[in-house]
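Please open the model in your viewer and keep the selection panel at hand. The stops below are given in the order in which to select them.

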Amino acid sequence: MLGLFSWRRLPGKDDHRKSFTDPSLRAEVRNRFWDYIELAVISTVMIWSGLSLFFGGVYRRSVLANNINLYVVDLDGGSVGANVTQMVLDIEVTPSTPVWLQRHDLHSVDQVKSWVLANGWGALVINPGASARLDSSLYNGTDYNAADALTLVESSGRQIVAEMLFVSSALSTAVQTVSHKYALAQLAAYHDNPLPQASSAALIDPIGYTSVDVSPAGFTISPVMSTFGYLDILLSTIGVLIMWKMTSFPFFIRVRYRDLMIMWPVLLFGLALVLSFYQALAFLAFRGPDYNSLALKYTAATFFKFWFTGAAVAFSLGLWLFNWFLHLTPHIIALPSICTVIPNVLSTISTFELAPKFYRIFYALPFYNGSSIILYIVTGAHSTAGRNVGILIAEIAAMTILLSISIWIRQVCALRGISDAHGWFHGSRYFHSPIPYYKSMPRTDTEQPIESESSSYAAQPGNKASGTTLHAAHTARSASIEIDDYDEDSVSLTTGNLGV
């Protein structure tokens with residue numbers, strides 16, 4: 001390991017180097033200075049892009065809460081049902097609270113539960129016989145249980161964050177409002193017309209409730225379970241994609257286009273399968289088969305659904321990012337990652353009803369559709385799995401087609417000397433490619449052949465001579481390259497010696 005004064009052990013090795021103040025370096029230092037200013041501008045654009053996307057998506061989210069509908073269902077049919085229903089519907093509607101509506105097509109508590117599980121956010125049910133039980137206690141003095149009056153039905157598995165922030169609080173507030181008003185009205189009536197046998201419990205606290213969550217998703221990590229898993233997969237994928245971009249130049253100059261078009265999607269799919277398998281294992285290990293006593297069991301089928309849903313999300317995002325990475329220069333390669341990560345994460349921590357109109361397009365993104373599938377798998381709530389799966393498949397198909405075009409463009413740019421191994425384009429001061437630029441003057445037969453990067457590597461002592469020499473006959477025709485394979489100087493991936 002080099003020590004603090006390592007140059008003392010290497011006499012003469014630093015003698016030919018210059019100081020930053022040397023006049024001969026002035027032009028280079030000036031160029032680097034402006035490059036770093038450009039990087040600062042790019043970094044500013046990237047951070048404000050991410051911040052704008054995130055805070056714009058959650059900006060004034062509470063004022064859109066009235067896009068959520070809650071329902072009151074009167075199964076009593078008596079005075080209690082009529083009065084409670086009217087009290088609930090009279091609750092003041094504000095932008096920060098859900099809207100209360102009444103449903104007449106549900107005729108039992110079980111029907112209400114089934115409807116909320118499949119379609120709704122929540123409901124307040126006036127239980128059958130509520131009026132009869134209250135009257136019996138007031139006039140005959142029978143025992144009275146206020147909790148039998150109402151049932152609150154909610155579905156936390158539909159969207160956990162929105163349920164916690166708006167739905168649960170709205171249901172609780174409605175019950176408290178009704179209970180307070182009903183008790184005051186009943187005491188006023190008792191003052192005018194005393195009932196000697198009235199039960200004090202029924203008189204003072206006539207309205208209570210029980211609460212039922214038809215799709216419980218209240219376990220510890222439920223709000224971020226799928227979000228964090230997919231984010232971890234995506235960040236793990238980005239490093240691999242950058243490595244592939246930086247090291248794939250020999251493939252683009254030596255391998256047939258059709259082989260590349262098969263190779264990259266297969267590799268991306270394999271990577272997605274591996275990473276999503278780890279995610280499914282991690283969730284199983286964290287919670288076990290009984291991760292929630294009321295939620296659905298974690299079976300073998302659940303594991304495979306977790307696995308392949310994660311694979312679909314990772315595959316679609318991997319295809320999307322690799323399309324960008326193939327063409328972007330190194331100094332802006334992080335921009336598509338930021339503009340991909342932030343909207344995807346945002347789509348899972350909020351819900352469509354609470355998003356501004358522009359940001360509702362985010363709910364076509366892979367994170368949202370994958371998370372919706374996972375929530376349905378573990379809670380059974382609000383099934384949109386068919387639509388979610390269809391969107392993921394459509395995105396994978398579209399990104400695969402786009403990648404085939406991107407691979408062709410990248411190969412043409414490499415063979416024509418337009419871009420180099422790292423993605424810099426001709427004209428950049430960092431550009432360095434062994435392939436002559438296609439608009440350059442054709443070389444004469446007396447010129448020496450140009451060696452590829454792999455040839456230079458093979459020529460070094462101790463390396464095998466497996467490089468490839470690019471002769472004038474090949475480089476002179478770079479201006480006429482078309483999408484059709486040129487089999488004379490391109491080989492299949494099954495060929496043993498690719499010169500890489």
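The tour goes to a strand and its partners, and then to a cavity.

This is a predicted model, in which local features need pLDDT of at least 70 and side-chain atom pairs count only at pLDDT 80 or more, while totals for chains, interfaces and linings use all residues. Residues are numbered from 1 along each chain as its sequence is written, and side-chain values use heavy atoms, with hydrogens and water left out.

Select residues 122–126, which form strand 3 (strands are DSSP runs of E with at least two residues, helices runs of H or I with at least four, both numbered from the N terminus). Five of the five residues of strand 3 are buried, that is, under 20% relative accessible area with a 1.4 Å probe and protein chains only. G122, L124 and I126 lie on one side and A123 and V125 on the other, and both faces are covered.

Centre on L124, whose bridge partner is V72 and which stands opposite L152 in strand 4.

Now select Y230, I233, L234, T237, V313, A314, L317 and F367, which line the second largest cavity; a cavity is a set of points on a 1 Å grid over the protein atoms alone where a 1.4 Å probe fits but cannot get out, and lining residues have an atom within 4 Å of a point. Helix 7 (225–247) and helix 10 (300–325) each supply at least two lining residues, and helix 7 gives the most, with four.

Technical notes: On a 1 Å grid over the protein atoms alone, a cavity is a set of points where a 1.4 Å probe fits but cannot get out, and a pocket is an open set with protein on both sides within 12 Å along at least five of seven lines; lining residues have an atom within 4 Å of a point. Buried means under 20% relative accessible area, exposed over 50%, partly exposed in between (1.4 Å probe, protein chains only). Two strands pair if DSSP finds at least two bridges between them.
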